[in-house]
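Reader: Please give me a close look at one part of this model. Begin with the disulfide count, then go to the strand pairing. Keep it brisk.

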Amino acid sequence: MRLKTSLLKEPKHKELVSCVGWTTADEVYSCSEDHHILKWNLLTSETSVVVKLQEDIYPIDLHWFPKTVAGKKQAQAEVFVLTSTDGKFHLASKTGRIEKSVEAHKGAVLAGRWNHDGTALITAGEDGQIKIWSKSGMLRSTLAQQGSPVYSVAWGPDSDRILYTSGRQLVIKPLQPSAKVIQWKAHDGVILKVDWNSVNDLILSGGEDCKYKVWDSYGRLLYSSSPHDYPVTSLSWAPDGEVFAVGSFNTLRLCDKTGWSYALEKPNTGSVFSLAWSADGTQLSGACGNGHVIFAHVVEQCWEWMSFIITLTKRRTMQVRNVVNDALDMLEFRDRVIKASLAHGHLVVATSLQCYVYNTRNWNTPLVFDLKEGTVSLILQAEKHFLLVDGAGLYVFSYEGRLISSPKFPGMRTDILNAQAISLSNDTIAFRDRSDEKVIFLLDALTGKALGDSKPLTHKLEVVEIALDQCGPSSDRKIALIDKNRDLYLTSMRRLGREHNICKIGTMVHTMAWNDAANILCGIQDNQFTVWYYPSAVFIDKELLPKTVYLKDGSEFSHAPHILSYVGTKVTVRQGDGSLVYTTVSPYPALLHDYSASGLWEDALRLCRFAKDQSLWACLAGMAMANRELTAAAVSYTAIGEIPRVHYINFIKEQPSKESSVARMLLFSGHVQEAEATLLQAGLVYQAIQVNIDLSNWERALELAVKHKTHVDTVLAYREKFLQTFGRKETNKRFLQYSEGVEVDWEKIQAKIEMELSKEREKAANVSVRSNLASRH
């Protein structure tokens, strides 16, 4: 990825250009110390004077009123704020007419910024004061007062906090008076510029120490650049938070959100005092010290999938290379490309007006449909459909271009969604709630409505990243999530009327990805590359899970690696310095998943015998138990030396009825309540009581016996035997109460138990005969 810059031979401004701002994707306003505001039309390459300001107005900063909020167009969007050296800020219309001038500070007003929904304006002055104003220019409050000038200011993602500079310090001040202020030393020189992105919640700072730095919203340093030759005078996040631009003397740099540099340009601009991105994040403009306005657009983005490498060579042209046969195809578009995604055999390209869907088997005839908005910020793909996110909403389309659903959710702000906060599978959409990051909403991808009982999934800590598995039936859909502690959890979408059973499967997990063709999860855990061959084992047999995990030394990955994709057997990892590293995973687990899904248990056993891998046997044991294939499960558990479990499986096989077998299977996975409910529903009261006796749930066993007026003596007999073993006396009031009127006779109890079991066998035999007769007819 790099910037393709354009600069006129002669500057249009006669003095230093102090600020720039985009009105539309093809129109830029620039302000200069020559008192002129110019309008640049990029389609016609024309430049016109909007207005000549008064001689005493020297502009410093310009910011356009936000055009859309939560997908709705703003009525007042044709207004911008202009700050100047005379201590005033001016509200100006698109025609350049000054609607209002407000005395704001003593000395120059160094920065002016609208909040994200346009309800407030913040100004920072040379006098060290920070003030908040209404959108009509009325003073609301003075937020801070300090001795040194405030050179730059930025709103937090939810417009509830302010970031500002204070000499070499950065300060985050919440608007609530009682909330805690965060302040830290950020640079070795005066900080000149800051920016805070609402999508990734990361902070940028640049200063006179010639460095730019990336911080999280708690003030922790994530990246520090090596020193430039000159102070960093400007920086700006792209709207989607994936990249940012940095400006210095005769220097323009494009960087990844993690800090490393994609490209460095050395245009003849003098110092770049201001940088602004177009709303679609494809173009950049800069205000230059020598009177020029520099324009740049992002090119040479790359997408990879299987044997295809696709490169954006120009704004409207893509090159497709098949590395297997070195075949080349060129894709031409009517408008400039904004976003693209390549996965599951399809390329989806969003331009400023249309969406193109290509099948990788045929690059000649794309499916094309029009878009409502030209600001697509995210594309997610699943096997059967894809999701577009733009400023107005979410849209699920089939690969034939048919709109499947348009999901809505409470407090929807699509402008702040990123790939870590939303996930798509063939039947489900999951996304993290921005107002409460512990909450994950689950929607049906085909209808856009909330799943099940409409209750969201709530975790105990803030969630950092979520990912849905991609294969299998919707009833078995799983979601993996990483929380603030960097613990990895797995939970099932299907709850059976219970709370979500969220199980921890990993710690210190920095990044994760599901395989595209099998429900195998990989991640970078502490300093190891980890693959969970069968993560669902945690719901079947928790002790089995560690045996299904593959670990590999992760020292080959440098600082802060990020998994981009896990396709087939290849995992693509982006390292902290921007380089790509590839690692491979054994193909056998994916084959085993296929055999399990198709019910080919003999083939699965043959594969495990051939591979001679303990982790594969452990996977097969879990898969067989999940599918109630007891023979395959017994063989697999024997192979990994789990003999007690083999005995229990044989015990399950010996159960007289199907309901008893199912209940014992549920007990095997730790689902005691479900096992009891299954037995009671089938009328097997004694079996339900015996299950609780075996687990020493004495109170529940007695409760069931009393409720159903049967086997009270059985419970008391087993309780007495249990206490005698440990040399203890009965102290439980309920047991003492019932033992007074009940005589314990072991012979009678044994006879009663034998009669219950024979009845169950007889009932099971009758059911079997009836089903055989039905199948013959």
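Author: A disulfide here is a pair of cysteine sulfur atoms within 2.5 Å. By that rule the count is 0 disulfides. C288 is in none; its nearest cysteine sulfur belongs to C19, 12 Å away. C288 is also buried, at 0% relative accessible area. Buried means under 20%, exposed over 50%, and partly exposed in between, using a 1.4 Å probe and protein chains only.

This is a predicted model: local features need pLDDT of at least 70, side-chain atom pairs count only at pLDDT 80 or more, and totals for chains, interfaces and linings use all residues. Residues are numbered from 1 along each chain as its sequence is written, and side-chain values use heavy atoms, leaving out hydrogens and water.

Now the strands. A strand is a DSSP run of E with at least two residues, numbered from the N terminus. Two strands pair if DSSP finds at least two bridges between them.

Take strand 30, residues 293–299. Because 7 of its 7 residues are buried, strand 30 is largely enclosed by the rest of the structure. V293, F295, H297 and V299 point one way. I294, A296 and V298 point the other way.

Strand 30 has a partner in strand 29, residues 283–288. The two run antiparallel, joined by 5 bridges. G286 stands opposite I294. Strands 29 and 30 form a hairpin with 4 residues between them. In that turn, G291 has a positive phi of about 95°.

Strand 1, residues 2–6, also pairs with strand 30. That pairing is antiparallel too, over 5 bridges. There, T5 has A296 as its bridge partner.
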